[in-house]
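Subject: Structure for your files, with notes

Hello,

The structure we spoke about is below.

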Amino acid sequence: MNGPTRREVIRGFTAVSTAAAQSATYDIAVIGAGVFGSWTAHHLRRAGKRVILVDSFGAASSRASSGGESRVIRCAYAGDEIYSRFAQKSLGQWKDLGRRVNNALFQQAGVLHMSRNNEKYITVTSAVLSKLGIPHEKLNQAELMKRFPQIFLGDVDQAIYEPESGALMARRSVQTLVQEMVQSGLELVLEPVIPPSAKGRMDSIKTAGGRTISAGAFVFACGPWLPKVFPVELGQRIFPTRQEMFFFGVPAGDRRFAMPAMPVWIGPDNLYGVPDLENRGFKIADDDHGPPIDPDSADRLVPKESLATMRKRLGVRFPALKDAPLLESRVCQYENSSNGDFLLDKHPSTGNVWLAGGGSGHGFKHGPAVGEYMAGRILGTQTPEPRFSFASKSTVQKRAVH
Ligand SMILES: Cc1cc2nc3c(=O)[nH]c(=O)nc-3n(C[C@H](O)[C@H](O)[C@H](O)COP(=O)(O)OP(=O)(O)OC[C@H]3O[C@@H](n4cnc5c(N)ncnc54)[C@H](O)[C@@H]3O)c2cc1C
């Protein structure tokens, strides 16, 4: 039978589960249609591989880490050149995707990294950005006050400004990529995959709906679900944490908190935010790790105490927003590795199972480079990076990448 047996409409595009999908053997099955899995599928398909993508809920769903409204894309990573390179490469691919589908997935708001009494951070960051040819400016306090009078600087004395970075419309970007692949023939199945027993070579996986999917290799890009899928290997190596974010309403007619006046900003106190994009409100969040979370059962309401604390912090940094109304709040999860480095490696005890995760609160922007790296590893054309290895992932959390 050639035609589709079952169609599911996902946010404006059609996922087709064909009879072929139930019986065929694929080169690679990718489990997880978040940003890591979707870009991995993209790069494998570009290399001519026959790929099937499977997700419990659909691409960048509200439960997934990739399901947020927006995500920061910056190239500055202090001395961590590896992530600056990944971000630089990814930004190009995000822009290409936006151009291909004629959709503003990337918003060039600029990114302002504010620092306090930290000359070393400014020097090291600037050196890496200069080495990679990434445009940036060093701003002192007087220059900051002049350029961004809506920000109360307090003891912020310097900043790095990246004019060509900004924010990605996160959910829309991943769903657009998956839609593009579906339109060019990708098999997308919307069912949970039953956690496999990963010993020896894996020939197939089973879905909760009773489907068997055979493939030559399997990539598990299951974000915060990875500890549930591989409890023995990852139960103590990926730490999902509860993260809250807030969208506040800006005063009517006041353009100081939207582009081009307001950049994406990162403060010295772990607060960060995104300007009012597409009139959704001024986004603010704390990058500190929250308590452990279960992505399936978590209550996603923000408690009043958190809101009160955030409102206070908002009012200090942006005095004109001290009484701003809350428009929306979200609870999402980071899927932290022990130190913040990604996990992009072969499963330790099978020859054809791969793991892609550990985005650790900064992974979204890197989706294209992660997908390219994973495809290269699977196809044998990419040199392994020790920092992304399973072996480097400890069971003790000690954050080192920001
Ligand atoms: C609040 C917040 C703010 C963030 N801010 C930024 C930022 O500004 N910049 C940045 O670069 N990064 C940011 N991040 C990090 C980034 O969003 C994540 O690192 C990234 O989205 C992780 O993507 P992923 O594909 O690994 O996981 P996910 O997006 O969670 O995708 C995993 C997918 O696997 C599927 N799945 C799981 N188990 C199964 C199964 N058994 N069968 C089938 N499917 C399954 C799920 O349904 C899901 O769709 C932020 C994260 C959060 C939570």
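A residue counts as buried here when its relative accessible area is under 20%. Asn-352 has a relative accessible area of 3%, so it is buried. Please keep in mind that this is a predicted model.

Two asparagines

Asn-352 sits in the loop that runs between β19 (343-346) and β20 (353-357). Its side chain reaches the backbone oxygen of Gly-216, at 3.1 Å.

Asn-336 belongs to strand β18. With a relative accessible area of 0%, Asn-336 is buried too, because the cut-off is under 20%. Between Asn-336 and Phe-152 there are 31 Å in space, C-alpha to C-alpha, and the two are 184 residues apart in sequence.

The ligand

Which residues come nearest to the ligand? Of the 35 residues around the ligand, these are Asp-55, Ser-66, Val-72, Val-193 and Met-245. By type, the shell around the ligand divides into 18 nonpolar, twelve polar and five charged residues.

- Ser-66: an N or O atom of the side chain is 2.5 Å from an oxygen atom of the ligand.
- Ser-65: a backbone N or O atom lies 2.9 Å from an oxygen atom of the ligand.
- Arg-71: an N or O atom of the side chain is 2.9 Å from an oxygen atom of the ligand.

On its own, the ligand has 1,000 Å² of accessible area, and the protein covers 98% of that. Two or more residues of the shell come from each of α2 (35-46), β5 (70-73), β14 (239-248) and β18 (326-336). Of the elements, β18 gives the most to the shell, namely four residues.

Cavities

Rolling a probe the size of a water molecule over the atoms shows where empty space is left. How many cavities of 30 Å³ or more does the structure hold? There are two.

The largest cavity holds about 40 Å³ of space. Asn-336, described above, is part of its lining, together with His-289, Ser-337, Ser-338, Asn-339, Gly-340, Ser-360, Gln-397, Arg-399 and Val-401. This lining divides into one nonpolar, eight polar and one charged residue.

The second largest cavity has a volume of about 30 Å³. Its lining is made up of Glu-69, Ser-70, Phe-247, Val-274, Pro-275, Leu-277, Arg-280, Gly-281 and Lys-283. Here the division is four nonpolar, two polar and three charged.

The residues that line the second largest pocket divide into three nonpolar, five polar and five charged.

Regards

Terms used
Residues are numbered from 1 along each chain as its sequence is written. This is a predicted model: local features need pLDDT of at least 70, side-chain atom pairs count only at pLDDT 80 or more; totals for chains, interfaces and linings use all residues. Side-chain values use heavy atoms; hydrogens and water are left out. A residue is near a molecule or strand if one of its heavy atoms lies within 4 Å of it. A polar contact is a pair of N or O atoms within 3.5 Å; within protein, one must be able to donate a hydrogen and the other to accept it, and residues adjacent in sequence count only if both atoms are side-chain atoms. Accessible areas come from the Shrake-Rupley method with a 1.4 Å probe; for residues, only the protein chains shown count as cover. Ala, Val, Leu, Ile, Met, Phe, Trp, Tyr, Cys and Pro count as nonpolar, Asp, Glu, Lys and Arg as charged, and the others, Gly among them, as polar. On a 1 Å grid over the protein atoms alone, a cavity is a set of points where a 1.4 Å probe fits but cannot get out, and a pocket is an open set with protein on both sides within 12 Å along at least five of seven lines; lining residues have an atom within 4 Å of a point. Grid points are joined across faces, edges and corners, and a volume is the space filled by probe spheres set on the points. Buried means under 20% relative accessible area, exposed over 50%, partly exposed in between (1.4 Å probe, protein chains only).
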